[in-house]
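Biologist: I have a model open and would like to go through it piece by piece. Can you help me read it?

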Amino acid sequence: MSATSFRVDVPAGSVLFHQGDAPTSAFLLETGSIEVTTAQGAISRRLGVLAPGDLLGEMAVLDDSPRTATARALSDCVLMPIDRKQFAERLESADPVVRALLLSQISRYRSALAQLSGQSELPSSAIPTPRTNDAVLAMDKIRLESHLREALDKRELEVRLQPILDIERNRIAGFEALTRWTHPERGPVSPAEFIALAEETSLIVPVGDYVLDQVCGALQHLRGRVNGEPVFVALNVSGRQLDDAALLDRFLAVVHAHGLQPAQLKIEITESLVLNYEQVASIIARCHAAGLKVALDDFGTGYSNLGHLHKLEFDTLKLDQGFVRQMHEPRCLAIVRAIVAMAHSLGCDIVAEGVETTEQLHALGALGCTYAQGYLIGRPMLLDEAIAMV
Ligand code: C2E
Ligand code: MG
Ligand code: MG
């Protein structure tokens, strides 16, 4: 057998590794074929024959345990070694649920092998710790996700409405819909947590549809109660929802089924690392063609990318609450002034988020900011409270 860090040559009949060996690396079989056997006492059992493209020896590397089988070349073989680090880095960045599933599968496979070879128990070093902190967290996450599915089925998610004030006219112009979930044991779970959880799976699709349905119901009630100008309701839509090509058609069908005007609904999109600007620009164009308004949420935080901003023809820019909180500092005030001016020259409204004091409200009014949203104006409230407010 000859080896470099990129290539291992194993002549026919030679052994690549023996059962019980400490793992060095995994291998990708490039050419040739390899027989994998496991010994149980005097009996050797063939587990399989590997062909080019197959991976071998990865299990012992993943859980750092002795080899459970022997690999012997049936013909001249060329293999590419795969370093433990290459797996470790990917595993560390993998979804903890996927990592827990993988380790539990390895653990089960090792127990089955142990039973097959007559061992009642494996040496502790040969079994990955089944209940690592990581695995517990992963299982907690799966449990929470199942509870969220159940809450959705039982229609237990609640949509609250937070008022948005037209600063100049001093009247409520609309609301933002914010979803609330009270877990039977944990109590209230923040939307930042459960929306992120729903986004990791396709659960965000039914959650989003449910919220829209609730919002349309609320808009119908509001329309019946408000005399004069119509109010709008803004709805948060996450990046994952935007990947769903049928989203907009479903949205419009629900809006029409409730007998509403699309212009009463505003879609809030948050800039994020995953945002594909071309895709979002085309979604905005489709929203506009259908009469829906679009807001860019949490502007100025995290991933705001001025180089791409001109491609997104949104109607409203929502200034992140971090700016409002620090507006007493002259440099922050200067930035807010510039953002308000930029929004106006782009022809869009601007909503300041997180307005908590009258000083902040007056300062924003003086800068020409269109709308204010925050605890000063009102907390996210029940539909009846929202109706009373307008
Ligand atoms: P967001 O869209 O930026 O919503 C504003 C957040 O700021 C809300 O937090 C709101 O309760 C909070 N807030 C409003 N005024 C004030 C204030 O004066 N002071 C402070 N400190 N906070 C204020 P919430 O409800 O916890 O929502 C967090 C995020 O979760 C939202 O941020 C939104 O991105 C997301 N979210 C909420 N509901 C939904 C939903 O139904 N679908 C989707 N996709 N995302 C949602
Ligand atoms: Mg929002
Ligand atoms: Mg926001």
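Biologist: Which residues is Gln241 in contact with, leaving aside its neighbours within four places in sequence?

Modeller: Gln241 is in contact with Ile204, Gly208, Asn236 and Leu247. Contact means heavy atoms within 4.5 Å. Before we go on, this is a predicted model, where local features need pLDDT of at least 70 and side-chain atom pairs count only at pLDDT 80 or more, while totals for chains, interfaces and linings use all residues. Residues are numbered from 1 along each chain as its sequence is written, chains are lettered from A and ligands numbered from 1 in the order in which they are written, and side-chain values use heavy atoms, with hydrogens and water left out.

Biologist: Fine. Where is Gln241 placed, and why is it called buried?

Modeller: Gln241 is in helix α7 (residues 239–242). Helices (H or I, at least four residues) and strands (E, at least two) are DSSP runs, numbered from the N terminus. Gln241 counts as buried because its relative accessible area is 5%. Buried means under 20% relative accessible area, exposed over 50%, and partly exposed in between, with a 1.4 Å probe and protein chains only.

Biologist: Which backbone nitrogen lies 2.8 Å from a polar atom of the Gln241 side chain?

Modeller: The backbone nitrogen of Ser238. A polar contact is a pair of N or O atoms within 3.5 Å; within protein, one must be able to donate a hydrogen and the other to accept it, and residues adjacent in sequence count only if both atoms are side-chain atoms.

Biologist: How far apart are the magnesium ions, ligand 2 and ligand 3?

Modeller: They are 3.9 Å apart, and Asp297 coordinates both.

Biologist: What is the phi of Asp298?

Modeller: Asp298 has a positive phi of about 50 degrees although it is not a glycine. Most residues other than glycine have a negative phi. Asp298 is in strand β15 and counts as partly exposed, at 23% relative accessibility. Arg155 has a positive phi as well, near 55 degrees; Arg155 is in the loop between α4 and β10 (158–166).

Biologist: Changing topic: which residues touch the most other members of the largest nonpolar core?

Modeller: Val336 and Leu364, in a core of 77 residues. The largest share of this core, 10 residues, comes from helix α6 (residues 204–225). A nonpolar core is a set of buried Ala, Val, Leu, Ile, Met, Phe, Trp, Tyr and Cys residues joined through side-chain atoms within 4.5 Å. A second, separate core of 15 residues includes Phe17, Leu29, Val36 and Ala73.

Biologist: How is the chain divided into domains?

Modeller: Into domain 1 (2–129) and domain 2 (144–389), with bounds from an automatic or database domain assignment. Their C-alpha centres lie 51 Å apart.

Biologist: Last one: what caps the N-terminal end of α3?

Modeller: Asp95, through a side-chain oxygen 2.7 Å from the backbone nitrogen of Val97. Among the buried residues of α3 are Val97, Ile106 and Leu113, and what covers the buried residues of α3 includes β5 (34–40) and α2 (84–93).

How values were computed: Donors = N, O, S within 2.8 Å, 3.2 Å for Na, K, Ca; no water.
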